[in-house]
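Please keep the structure open while reading.

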Amino acid sequence: RRWVRDTVGLALALHPEWGGGPTVSCSPGGEAGRRKRALPPMPPRAEGPNSASSGNTPELASSTSSTSLVSLMRSASPIPDGSHASRTKAAPPAPGSALRPALKLYEPPTDDEDDESGNISPSPTSVVRKIRSLQAQLGDPSELTLVATGGDNAYHFLPEQASGFAAMVFQVEAASDAYVLLSSKPSDDKTAQLYEIVLGGWRNSKSAIRKAKQGSNLAYVDSVGVLSKDEFRLFWVCWAHGRISVGKGDAVGQQEFMGYEDPTATSVRHVALSTGRESSGLWQMRGFKTLEDLSEISTSDDYHFHFFPDSLEAFSAVVFQVKASNDAHVLLSSAPTDDKAAPVYEIVLGGWSNTQHAIRKAKQGANLASADASGLLSGTEFRTFWAWWDHGGVTVGRGEEVGQQELMGFRDSA
């Protein structure tokens, strides 16, 4: 509940050698909680081995050895007397309510005519047939945003503004060169402040992120066959906290295959869609998502940490729930990285076949605090925990009341 200037975010992961299926839910303390009461003073801790004070408050990440789900609870962290102060702020419009039907059809000169590249440019009639078929599959067409883009390289701006949101989910059917524009103004001018995301460019072999229309590639990855002219492919794009990330599927934060960290981030208020000159596409918007919507994630057993888009800069505690048979890891760091050389705190819950827990000062580092706790985690039900970082120490406990039912703690004198 005190201001912590170096804390950035939260991430979760699983170790590949361990079994289990964790699910985690987290709740940073809110403004209302800070106004109502300060957290109790940090309990005195004996200095651990290799103690060194980094002076930085950690960022949060988590990991497990099997599929896990993490859900950030948006209320304030409960204060020790058991009362619960909720965060109060105006919520952005719900993703569903923000969507309006927007059908834009281009008109190629002839029906189903082959272009020079060998791709078939669908006629307006064939596009309408596809749209009606899609509406029949997905239900109420009034809740859908459908956009057809032609091979003219022109951007079609959606009627919905992206202000107040942090991500979008969509699906597209195109042979190659599907473009997504994120901008601060409804303009695709080459001098405008924007991000251009290329999916399946270079004949459906590469994908890229740029900071100008047709600008330099700031991220550039192999993505052979990422698009299809015969079926819809599902993607998400997230622009939270100055990081542009792109992935497959409808679970934002999962199956990421491309990302770019922007030190001078551009605000995102508008979204536009396009296809390159050698392709045409049909798009269906699945919805915009707020930071609150992104608070629930699953982690696989690859020991890869998943960072939350939420910043913990203003907080000193987090409450979370996890469902996992063993080995749930939480990473607290000052930057969104889990590199072994990075200054981080790694919290291990239910490690060593769900028999111990520990605190480390590096990924896979030496245990600075540890204790036996057989059966701490469960693969069939959520278990609630809290983590608290303040005054150069990290403390972990059970339940929703920060400071109660403490499990372990480490005092970092440096």
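Aspartate 188 sits in the loop between strand 10 and strand 11. The model is predicted. A search of the whole structure finds 12 salt bridges, and aspartate 188 takes part in one of them, with lysine 213.

**Aspartate 188 and its surroundings**
- Aspartate 188 counts as partly exposed because its relative accessibility is 23%, and buried would need a value under 20%.
- Beyond its neighbours within four places in sequence, aspartate 188 is in contact with Tyr155, Phe157, Leu181, Leu194 and Lys213.
- Alanine 272 lies 84 residues away from aspartate 188 in sequence. In space, the two are 8.5 Å apart, C-alpha to C-alpha.

**The pair of aspartate 188 and lysine 213**
- Which residue forms a salt bridge with aspartate 188? The partner is lysine 213, with 3.2 Å between the closest N and O atoms.
- This pair links distant parts of the chain, 25 residues apart. Lysine 213 is in the loop between strand 12 (206-210) and strand 13 (217-222). Aspartate 188 is in the loop between strand 10 (178-183) and strand 11 (194-200).
- The two side chains also make a polar contact, at 3.2 Å.
- Is lysine 213 buried or exposed? Lysine 213 counts as buried, because its relative accessibility is 18% and the cut-off is under 20%.

**The pair of aspartate 222 and lysine 206**
- Aspartate 222 and lysine 206 form a salt bridge, and their closest N and O atoms are 2.3 Å apart.
- Here too, distant parts of the chain are linked: aspartate 222 is in strand 13 and lysine 206 is in strand 12, 16 residues apart.
- Aspartate 222 is exposed, because its relative accessible area is 58% and exposed means over 50%.
- Lysine 206, at 22% relative accessibility, counts as partly exposed.

**Arginine 243 and its glutamates**
- Arginine 243 and glutamate 261 meet through their side chains in a salt bridge, at 3.4 Å from N to O.
- The pair joins distant parts of the chain, 18 residues apart. Arginine 243 belongs to strand 15 (residues 243-248), and glutamate 261 to strand 16 (residues 256-261).
- Arginine 243 counts as partly exposed at 28% relative accessibility. Glutamate 261 also counts as partly exposed, at 42%.

Conventions:
Residues numbered from 1 in each chain as written. Predicted model: local features only at pLDDT ≥ 70, side-chain atom pairs only at ≥ 80, totals over all residues. Heavy atoms only, no water. Salt bridge = Lys/Arg side-chain N within 4 Å of Asp/Glu carboxyl O. Helix = DSSP H or I, 4+ residues; strand = E, 2+ residues; numbered from the N terminus. Buried < 20%, exposed > 50% of the residue type's maximum accessible area, 1.4 Å probe, protein only. Contact = heavy atoms within 4.5 Å. Polar contact = N/O pair within 3.5 Å; in protein donor to acceptor, adjacent residues only side chain to side chain.
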